[in-house]
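Me: I have a chain open here and some quick questions about it. Can we go through them one by one?
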Amino acid sequence: MTQHRHIGSTLDDLLESDGTLEQAEAEALKRVIVWQIQQAMEHAGVNKTQLAKRMHTSRTVVNRLLDEKDTGVTITTLVKAGRALGMSWTLEAGEGTSSYQAA
């Protein structure tokens with residue numbers, strides 16, 4: 001019988017052992033951020049082109065902002081998007097576990 005080294009471990013343990021934990025956490029956080037921005041855009045009746053104008057940036061930057069896989073978006077870009085949509089961001093970090101809150 002084959003020994004299964006991950007039986008009884010957590011998903012975090014598995015992802016950490018194969019070196020993908022940080023990327024998985026970043027992508028999960030980015031999905032939440034994208035969802036919140038899309039909700040704010042819908043509520044404000046703003047499309048990508050209009051958001052780019054409000055942010056004083058290009059539509060390419062907005063596309064990167066709304067790309068769930070692109071975790072390299074800067075905090076400055078997030079702040080610009082938030083201000084353009086009347087949003088504010090709150091980042092909360094805790095010890096031991098991964099806990100993100102975007103408001």
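Me: Which helix does Glu 27 lie in?
Reply: Glu 27 lies in helix 2. Keep in mind that this is a predicted model.

Me: Is Glu 27 buried or exposed?
Reply: Glu 27 is buried. Its relative accessible area is 16%, and the cut-off for buried is under 20%.

Me: What does the side chain of Glu 27 make a polar contact with?
Reply: The partner is the side chain of Lys 69. The polar contact is 3.3 Å.

Me: And which residues does Glu 27 touch, not counting those up to four places away in sequence?
Reply: Glu 68, Lys 69 and Thr 71.

Me: Where is Thr 71, then?
Reply: Thr 71 sits in the loop between helix 4 and helix 5.

Me: Why does Thr 71 count as partly exposed?
Reply: Because its relative accessibility is 32%.

Me: What does Thr 71 touch, leaving out residues up to four places away in sequence?
Reply: Gln 23, Ala 26, Glu 27 and Lys 30. There is also a C-alpha separation to note, 9.5 Å between Thr 71 and Arg 31. Those two are 40 residues apart along the chain.

Me: Let's zoom out. How many helices and strands does the chain have?
Reply: Five helices and zero strands. From the N terminus on, the order reads α-α-α-α-α.

Me: What share of the chain is buried residues?
Reply: Buried residues make up 26% of the 103 residues.

Me: And how many of the contacts join residues at least 24 apart?
Reply: 50% of them, counting contacts between residues at least 6 apart in sequence.

Me: Now the core. How many residues are in the largest nonpolar core?
Reply: It has 18 residues. The ones with the most contacts inside it are Ile 37, Leu 51, Met 55, Leu 65 and Leu 85.

Me: Which elements give two or more residues to this core?
Reply: Helix 2 (21-44), helix 3, helix 4 (59-65) and helix 5. Helix 2 gives the most, with five residues.

Me: Take Ile 37. What is it in contact with, leaving aside neighbours within four places in sequence?
Reply: Leu 51, Leu 65, Leu 66, Leu 78, Leu 85, Met 87 and Trp 89.

Me: New topic. At what angle do helix 3 and helix 5 pack?
Reply: About 105°, with their axes 9 Å apart. Helix 3 covers residues 48-55 and helix 5 covers residues 75-84. That angle makes helix 3 roughly perpendicular to helix 5, because 65 to 115 degrees counts as roughly perpendicular.

Me: Which residues make the contact?
Reply: Helix 3 uses Leu 51, Arg 54 and Met 55. Helix 5 uses Thr 77, Lys 80, Ala 81 and Ala 84.

Me: How do the residues of that contact divide into nonpolar, polar and charged?
Reply: Four are nonpolar, one is polar and two are charged.

Me: Last one, His 56. Where is it found?
Reply: His 56 is in the loop between helix 3 and helix 4. Its phi is near 60°, a positive value in a residue other than glycine.

Me: Is His 56 buried or exposed?
Reply: His 56 counts as exposed, at 73% relative accessibility.

Me: What separates the C-alpha atoms of His 56 and Ala 84?
Reply: The separation is 9.3 Å, and the two are 28 residues apart along the chain. Ala 84 also belongs to the contact between helix 3 and helix 5.

Technical notes: Residues are numbered from 1 along each chain as its sequence is written. This is a predicted model: local features need pLDDT of at least 70, side-chain atom pairs count only at pLDDT 80 or more; totals for chains, interfaces and linings use all residues. Side-chain values use heavy atoms; hydrogens and water are left out. Axes are lines fitted to C-alpha atoms, for helices over the stretch in contact, and angles run from 0 to 180 degrees between N-to-C directions. Helices (H or I, at least four residues) and strands (E, at least two) are DSSP runs, numbered from the N terminus. Angles under 35 degrees count as roughly parallel, over 145 as roughly antiparallel, 65 to 115 as roughly perpendicular and the rest as oblique. Contact means heavy atoms within 4.5 Å. Ala, Val, Leu, Ile, Met, Phe, Trp, Tyr, Cys and Pro count as nonpolar, Asp, Glu, Lys and Arg as charged, and the others, Gly among them, as polar. A nonpolar core is a set of buried Ala, Val, Leu, Ile, Met, Phe, Trp, Tyr and Cys residues joined through side-chain atoms within 4.5 Å. Buried means under 20% relative accessible area, exposed over 50%, partly exposed in between (1.4 Å probe, protein chains only). A polar contact is a pair of N or O atoms within 3.5 Å; within protein, one must be able to donate a hydrogen and the other to accept it, and residues adjacent in sequence count only if both atoms are side-chain atoms.
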